[in-house]
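This report covers a pocket, a strand and a set of salt bridges in one protein model. Please keep the structure open while reading.

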Amino acid sequence: MNILERYHAMEYGPAPEARNEADAWLAARDFGKALFIGGDWKAASGGKTFETSEPSSGKLLAKISDANAADIDAAVAAATKALPKWSASSGYQRAKVLYAIGRAMQRHQRLFAVLETIDNGKPIRESRDIDVPLAIRHFIHHAGWAQALDRDFPGHKGVGVVGQIIPWNFPLLMLAWKIAPALAAGCTVVLKPAEFTPLTSILFAEICERAGVPKGVVNIVQGGPEAGAAIVNHPGIQKIAFTGSSEVGKIIRKATAGSGKKLSLELGGKSAFIVFEDADLDSAVEGLVDGIWFNQGQVCCAGSRLLVQEGIADALIAKVKTRMSRLRVGSPLDKNTDIGPLVDLTQLDRVKGLIAEGARQGAVCWQPDAALPSSGYYHLPTLATSVSPANILAQEEVFGPVLATMTFRNTEEAIELANNTRYGLAASVWSENVNLALHVAPQLKAGVVWVNGTNMFDAACGFGGYRESGFGREGGREGMFEYLSAKLPLGSVIKLATSSAQPVEQADGSAIDRTAKLFIGGKQVRPDGNYSIAVATAKGKLAGEVGLGSRKDIRDAVSAARACKAWPEATAYNRSQVLYYLAENLSGRASEFAARLTELTGANAKAARDEVEQSIERLFLYAGLADKFEGRVHQPPARAVTLALHEPVGVVGIVAPDNQPLLGFISLVAPALAMGNTVVAVPSERHPLLATDLYQVIEYSDVPAGAINIVTGRTAELAGVLAKHDDVDGLWLFADADTCAKAEADSVGNLKRVWSGNGRSLDWASEEAAGDALLRRAIEVKNVWVPYGD
Ligand code: NAD
């Protein structure tokens with residue numbers, strides 16, 4: 001036997017991780033008092049418990065207190081009581097507490113890792129080398145943010161009491177992603193872990209006691225959906241941060257509609273792993289192992305769709321199969337194990353069911369010839385080929401060790417396939433040509449893109465989704481904003497317009513009758529229904545008539561906005577020039593607009609002139625900021641840079657208020673345009689002529705057709721159509737409270753990003769109603785990881 005043969009013949013010996021410390025911890029604890037509320041350990045007030053068991057054997061680990069609504073009340077009360085002192089404490093004080101948590105976790109690092117593996121089933125190599133160190137890094141990194149608040153977030157303060165709900169796939173890491181930024185921002189928290197994996201959160205609560213976290217600042221309540229729903233619906237909570245399935249995310253979006261609660265949703269994914277023909281195939285195969293078989297594929301950003309260029313497909317698949325045959329499936333406490341059990345029998349059944357259905361729909365499913373342990377919820381790594389884009393394995397999140405493969409011919413097709421999903425969490429791009437990779441990355445609808453890598457995370461780099469993968473970011477600067485708020489200067493309460501008597505008598509001095517139509521796709525068009533509504537002057541006379549837009553008109557406007565590629569693809573400098581030109585052309589007609597304002601709103605001449613001047617100034621401001629509100633480069637502790645790019649949200653619906661009708665309209669439309677969004681705007685229902693008068697200004701200003709579309713009509717009706725339209729990506733809404741609440745609830749179809757005034761307008765003349773506060777709402781941050789070095 002030569003050395004090579006001997007090498008291949010060698011067997012792995014067992015390398016078990018000791019579990020005695022974890023067993024001793026389990027034996028010593030009273031899990032009947034597992035609710036950590038106000039610094040005390042409490043039993044569930046309803047006396048109920050739920051069981052957590054070991055996925056590798058199915059054996060019971062503990063019976064845990066199961067919180068009900070009364071327990072959530074108690075936790076929120078404790079968090080509310082602790083809030084004033086904690087939020088008023090200095091950044092340095094909070095930093096010391098965060099640092100102490102991180103250090104205390106380091107001292108118990110191994111216990112955390114072993115407990116996590118026992119409870120969740122993930123291989124010890126992963127919990128020991130990835131989950132726990134990253135969780136610790138999160139606390140230590142956020143100690144710095146606590147002290148940098150005044151410097152980096154002027155005018156902002158913590159949102160208050162936050163409710164946080166997390167899943168079972170990264171129990172400790174998700175807890176860290178939630179609690180660290182909240183504490184840094186001066187918030188107090190009520191966190192509910194997932195019912196499959198309560199253990200490390202209980203150990204974490206013990207750490208909080210030892211690290212000197214003031215009582216009530218961190219409350220951890222164990223329980224299931226009932227406890228989760230009680231958090232979501234609790235009136236004493238100002239923000240909900242949820243990580244979990246898109247299905248539950250949508251329930252939460254609906255439940256919080258109209259409540260004014262801040263909301264971030266980190267949901268499911270179906271991420272593409274794109275391999276171009278010039279990729280280093282061996283690296284790509286290792287990337288795949290990490291991308292889809294890490295944590296048994298129970299990863300929100302798992303690279304579960306392999307898209308491979310046709311010419312290399314056979315070679316890559318052959319390599320993948322060889323590598324799969326060498327993956328070691330077995331006890332998660334063995335240090336050599338690559339694949340442990342799934343978290344629970346229900347999850348195992350779900351994965352099997354999806355594979356069976358995928359096969360029924362034509363996929364060819366292959367598994368290596370390996371034996372599974374006799375007990376526990378194990379599943380072999382699975383490769384599905386001949387997968388059509390509509391196959392359930394290409395569309396549904398399996399959340400298991402299943403890779404669906406498709407091929408593509410060229411770059412355009414790769415991008416199209418990658419984006420052919422309702423999700424948008426992450427993507428990997430493999431090519432030795434960095435120019436190609438960085439050409440593709442911005443075109444992918446995903447919040448994170450890894451170039452020649454996968455599953456890279458860091459506390460300094462934002463993580464989060466596009467589309468139905470949710471909204472909001474966790475980590476870094478973007479993540480801090482989720483726990484902060486800045487007071488915007490409130491304007492008047494907006495009331496639902498009532499269809500009072502229509503004006504009939506022509507206003508004095510009206511010129512030749514001019515019919516204001518709708519503005520769609522760069523053209524003035526008649527409303528589909530061919531109805532008009534009268535617009536009254538301040539004195540109740542007839543100022544003119546505008547088109548009564550309908551569902552069909554909104555649909556046409558959204559199609560035009562979606563079809564307009566010239567605007568999002570234009571350079572920021574180019575957009576800036578167009579916005580300057582708009583300002584210039586508005587300025588040329590300033591007197592006319594001022595007169596119109598006076599006629600419609602009754603504003604005196606000076607006030608009207610001021611509003612027009614402020615509108616021009618605002619256009620100038622956003623023209624200037626179009627190429628300045630840029631992304632950043634992060635330098636995570638890895639041989640990589642992370643480009644945090646600012647990208648447009650997409651098609652943004654804007655429902656403008658009645659107060660300051662010209663300035664309000666421009667204050668909303670201009671920042672959306674500046675960041676490259678295309679807009680469907682519904683102007684003030686009472687004073688739409690100020691927006692329709694803009695048609696000619698827009699036409700003369702080189703705005704590409706479809707970049708701005710304006711549909712006049714009934715606010716409540718048109719807002720509802722925009723909210724339900726699945727091709728609208730964002731919705732900014734200044735309407736009456738009912739319309740806002742309804743639109744938030746109706747937005748769940750595609751989980752569009754909604755910003756609503758909740759029935760209040762803003763004082764558009766104030767400085768705070770301009771600048772970053774709006775620009776931030778006009779972008780998605782995409783983090784592109786680019787590794788370097790050979
Ligand atoms: P899940 O949505 O079933 O449960 C998540 C959490 O929500 C649990 O704590 C659960 O008890 C709670 N919950 C369930 N119903 C609720 C309700 N009606 N109201 C309030 N809370 C409720 O998800 P899961 O099965 O635990 O986790 C898997 C999902 O999480 C996957 O879809 C995965 O992609 C997603 N995930 C996303 C990210 C991310 O950052 N985007 C990270 C990890 C996991």
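The sections below take these topics in turn.

## Basis of the model

The model is predicted; local features need pLDDT of at least 70, side-chain atom pairs count only at pLDDT 80 or more, and totals for chains, interfaces and linings use all residues. Residues are numbered from 1 along each chain as its sequence is written, and side-chain values use heavy atoms, with hydrogens and water left out.

## The second largest pocket

The second largest pocket has a volume of about 1400 Å³. A pocket here is an open set of points on a 1 Å grid over the protein atoms alone, where a 1.4 Å probe fits, with protein on both sides within 12 Å along at least five of seven lines; lining residues have an atom within 4 Å of a point. The volume is the space filled by probe spheres set on the points, which are joined across faces, edges and corners.

The lining comprises 46 residues, and Pro-442, Lys-445, Pro-568, Glu-647 and Pro-648 lie nearest the centre. By class, 17 are nonpolar, 11 polar and 18 charged (Ala, Val, Leu, Ile, Met, Phe, Trp, Tyr, Cys and Pro are nonpolar, Asp, Glu, Lys and Arg charged, the others, Gly among them, polar). Strand S26 supplies the largest share, 4 residues. Helices and strands are DSSP runs numbered from the N terminus (helices H or I, at least four residues; strands E, at least two).

## Strand S27

All 5 of the 5 residues of S27 (residues 651-655) are buried, so the strand is largely enclosed by the rest of the structure. Buried means under 20% relative accessible area, exposed over 50%, and partly exposed in between (1.4 Å probe, protein chains only). Val-651, Gly-653 and Val-655 cover one side, Val-652 and Ile-654 the other.

S27 pairs in parallel with S28 (residues 678-682) over 5 bridges; pairing requires at least two DSSP bridges between two strands. Val-652 has Val-679 as its bridge partner in S28. On the other pairing, 4 bridges join S27 to the parallel strand S30 (residues 730-733), where Val-652 stands opposite Gly-730.

## Salt bridges

The whole structure holds 37 salt bridges, each a side-chain nitrogen of Lys or Arg within 4 Å of a carboxyl oxygen of Asp or Glu. Arg-29 and Glu-206 form one of them, with closest N and O atoms 2.3 Å apart. Arg-29 lies in the loop between helix H2 (20-28) and strand S1 (35-37) and Glu-206 in helix H8 (residues 199-210), so the pair ties together parts 177 residues apart in sequence. Both residues, Arg-29 and Glu-206, are buried.
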